[in-house]
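This briefing goes through a model with the sequence and the structure side by side. Look at both while reading the points below.

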Amino acid sequence: MRGSLALASLIRHRARTVLAVLGVAVAAAMLLDMVMLATGMRESFRELLLSRGFEIRLAPKGTLPFDTDATIPGVGAITATLRVNPDIREISPVLGASIHILAGNRDVSGSALGIDPRVQGDYELLSGRDVTRPDAIVVNDHLLSQVGASIGDTLVVATGYDAQTRTYSGQRKLVVTGRVKFIYGANDQSSSAMRRETLEGMNERSRDRASLFMVRVRKGANAEAVRDWIDEQLPNVTAISIATAIAQVDERLSYFRQLALILGAVSLFVGFLLVTTLVTVSVNERAGEIAVMRAIGVSRSHVVEQIVLEGVAISFAGAVFGLALGLVTARYLNTILSAFPGLPMAIDFFLFQPRAAWSALGLLIASGVGAGIYPAWRAASLPIAESLRREAIA
Amino acid sequence: MSAGVESSIVSLRDVRRDYALGAERVHALQGVTLEVERGDYVAIVGPSGCGKSTLLNLIGVIDQPTSGTIAIAGKRVDAMSDREATQFRLRNIGFVFQRFYLLPILSALENVALPMAEAKVAKVARIERATELLRYVGLGNRERHRPSELSGGEQQRVAIARALSNGPTLLLADEPTGELDARTGAEIISLFQRLNADGTTIVVVTHDEDLASAARRKVHMRDGKVVDA
């Protein structure tokens, strides 16, 4: 009975209720987006790191992968050390370098990764063949469009350029064998990959060096224990597991999360105020009606239940619309933010997680209960005789 | 405590009710003593501001006296807690107001059934009783109508049916014909007479001479006092 009375009270002022629901929906959409933003990048980054199944990365001591131009010497020795551990299944040394591609009289700058195609975890092949031959190179669409080349074309690639003498060093002709998408690369980067020995051959200084090692552990093995073991065995590298990488990302994104949480809290508060205001106005308008209900024997607790239910109903309806609206706006905002220069294409700012949606819904319903408490208290505290007298005078 | 008079359904002893009005103290009732017998039909009359409605509110247990004692059906009601007073009103008092105060979102039948729902009467039983009461007040064919679809007289009859829904000991009415035209007012007066003839104890507060004359007894008030009972 209380539920249907609460619903009927809301339906009685349709326009006002619809406007309030829309207001709560906007606040709910904002809240969901902020909850998604607060956890989205972190989760997205975690999924990105896990996408190729490499649980540990080794970077030069004190750095993050590709954070600097520093490299790790002794690829062969490190690989041999790592192979001693039975929990390590695969090792993929990666060498990074800047390259120049001479396209006619133009110089297109880009980056190249030297990899082992059998165990690489940096790109996905979209078309063509992988770098099975020493003179093969695979490139992303951005680089292809920059040099105006296609699969099968030969490119002149250099690893160094002296601006004073205007000469290139480490030049080699490489054949484009495939189109690839770099998992950690940005849309607007010209990126390529070749066999590691090819890239080493083009730059003597990088011989037997790697910018990064990616390590895949045996199924069921404890990645953290393997990381600790690597730290002990290889003092000149920093071993980063998914958990430590996430912790580092968390630290770097903390301001982002704080901003999202503050904006989310503001949205929730705005929704709360909106519902409180609406229900309080409704209670004031119905003071006489509530006094009559009390006079005919309706208990205080039942009046409170009805008013709180009104707040919850508005919040719930607003939350349902708001969650749908939040998903649409999150997708739109994600498109805008993903175009930010230098960010990996696979990173999502707003990652939908059912838990985030449930959290937002729960918070909104709780705020609906909270929003109903003040007007419900007012309604239940109305002096019956005095309210009836005021109504009669009015 | 038992009432002073065994057959009295309402017994007031030296009841005072003061209000604070800003810095002033208003003495709305100044030592009212009154008895209403079971099956009686009492009209409380007097000029505006003489304390009629205040007296009715005290009898209806929606207000508490500053001093004095009030017993309804042998039970002291002047110092009840809110919870006790609510339960007491639900089971013993039927209210009819000048402005009907039906819930506009409910049908006539639902309005009548509302106090029974509060009293936890089973749904089938309350629909049956509400239907019977609407027939009694002559609105058997208007059960599904909302208050906005009913005339003033019809709304007041629904309000009377609502007041009777839990079989109250006492029916209280505050200016029940105040918003009605003469013809419709006469219908309500006639309905009250029928109710009283069927055994309902009624106390009305009114300025309406016709309604007051239809009562068995008139209680005259002036300046917060009963001047002629």
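Strand E7 (residues 170–174) of chain B pairs with strand E8 (residues 201–205) of chain B in the parallel sense, over 5 bridges. Two strands count as paired if DSSP finds at least two bridges between them. Helices (H or I, at least four residues) and strands (E, at least two) are DSSP runs, numbered from the N terminus. The model is predicted: local features need pLDDT of at least 70 and side-chain atom pairs count only at pLDDT 80 or more, while totals for chains, interfaces and linings use all residues. Residues are numbered from 1 along each chain as its sequence is written, and chains are lettered from A and ligands numbered from 1 in the order in which they are written.

**The sheet of chain B**

- Leu170(B) has Thr201(B) of E8(B) as its bridge partner.
- Chain B has an open sheet of 6 strands in the order E6-E7-E8-E3-E9-E10, with mixed pairing.
- Strand E6 (93–96) and strand E10 (225–228) of chain B are the edge strands, each pairing on one side only.
- From one strand to the next, the twist averages 25°.
- H1(B) lies across strand E3 (41–45), E7, E8 and strand E9 (217–222) of chain B, and runs at about 150° to E8(B).
- Axes are lines fitted to C-alpha atoms, for helices over the stretch in contact, and angles run from 0 to 180 degrees between N-to-C directions.

**Where chain B meets chain A**

- 21 residues of chain B are in contact with 18 residues of chain A; contact means that the C-beta atoms of two residues, placed from the backbone, lie within 7 Å.
- On the side of chain B that touches chain A, helix H1 (52–59), helix H2 (82–92) and helix H3 (108–118) of chain B each supply at least two residues.
- H2(B) gives the most to that side, with 4 residues.

**Two helices of chain A**

- The axes of helix H8 (residues 254–285) and helix H10 (residues 300–338) of chain A come within 10 Å and cross at roughly 140°.
- H8(A) is therefore oblique to H10(A); angles under 35 degrees count as roughly parallel, over 145 as roughly antiparallel, 65 to 115 as roughly perpendicular and the rest as oblique.
- Residues making the contact include Gly271(A) and Val275(A) of H8(A), and Ile307(A) and Glu310(A) of H10(A).

**Chain A overall**

- Chain A has 12 helices and 14 strands.
- Among contacts in chain A between residues at least 6 apart in sequence, 83% join residues at least 24 apart.
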